[in-house]
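Subject: Structure handover and notes

Hello,

Please find the structure below, followed by my notes on what was found in it.

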Amino acid sequence: MAHPVDVHVGKRIRHRRWLLGMTQQQLAEKVGIKFQQIQKYETGANRVSASRLWDISEALDVPVSFFFEGMDVEAEVAKDQIDSIPADLFGDKEALDLVRSYYSIPENQRRRLFDLARVLSEVA
């Protein structure tokens, strides 16, 4: 069974890769490994070594700490939202397209859209 930290790091790798519109193959080529290894990292099936995580962080243009963000609150949030959020949100193509579109909107408009979505979700 995968360790929760490995799963979290893998999800963060997938999240950032999708936000950049990068395929597993493209990331693998930048890091110098096979795309199957990226798949294993993203699912948490294989642990990412420190040096490999460094290479991935450079390829995805984020600090290494990015992959650990949210670990301390993830357990609490998961307890509260487990029924309302799909288990693999970033595995859903529609959700990923929505996130990409969201981040392509200028920041001031994005904030207004975010506020509107929050209000709508509270009404539903």
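R12 lies over the face of F66, 3.9 Å from the ring centre; a charge sits over a ring if NZ of Lys or CZ of Arg is within 6 Å of the ring centre and within 35 degrees of the ring normal. R110 is placed over the face of Y102, at 5.7 Å from the ring centre. Note that this is a predicted model: local features need pLDDT of at least 70, side-chain atom pairs count only at pLDDT 80 or more, and totals for chains, interfaces and linings use all residues. Residues are numbered from 1 along each chain as its sequence is written, and side-chain values use heavy atoms, with hydrogens and water left out.

Aromatic pairs

Searching the whole structure gives two aromatic pairs. Rings of Phe, Tyr and Trp (its six-membered ring) pair if their centres lie within 6.5 Å; planes under 30 degrees apart count as stacked, over 60 as edge-to-face and the rest as tilted. F66 and F67 are an edge-to-face pair, because their ring centres are 5.4 Å apart and their planes stand at 85 degrees. Y102 and Y103 also form an edge-to-face pair, at 5.1 Å centre to centre and 90 degrees between the planes.

For accessibility, buried means under 20% relative accessible area, exposed over 50%, and partly exposed in between (1.4 Å probe, protein chains only). F66 has 11% relative accessibility and so counts as buried. F67 is buried as well, with a relative accessible area of 0%. Y103 is at 47% and therefore partly exposed.

Y103 and its surroundings

Y103 belongs to helix α6 (residues 93-104). Helices (H or I, at least four residues) and strands (E, at least two) are DSSP runs, numbered from the N terminus. Leaving out residues up to four places away in sequence, Y103 touches L19 and R110, where contact means heavy atoms within 4.5 Å. Y103 and L19 are 84 residues apart in sequence, with 8.0 Å between their C-alpha atoms.

Helix α1 against helix α3

The axes of α1 (residues 4-19) and α3 (residues 35-43) come within 6 Å and cross at roughly 120 degrees. Axes here are lines fitted to C-alpha atoms, for helices over the stretch in contact, and angles run from 0 to 180 degrees between N-to-C directions. The two helices, α1 and α3, are therefore oblique to each other (under 35 degrees is roughly parallel, over 145 roughly antiparallel, 65 to 115 roughly perpendicular, and the rest oblique). On the α1 side the contact uses D6, V7, G10, K11, I13, R14 and R17, which meet Y41, E42 and T43 of α3.

D61 is not a glycine, yet has a positive phi of about 60 degrees. D61 sits in the loop between α4 (50-59) and α5 (71-81). Its relative accessibility is 62%, so D61 counts as exposed.

Whole chain

The chain has seven helices and zero strands. Of its 124 residues, 27% are buried. Among contacts between residues at least 6 apart in sequence, 60% join residues at least 24 apart.

Regards
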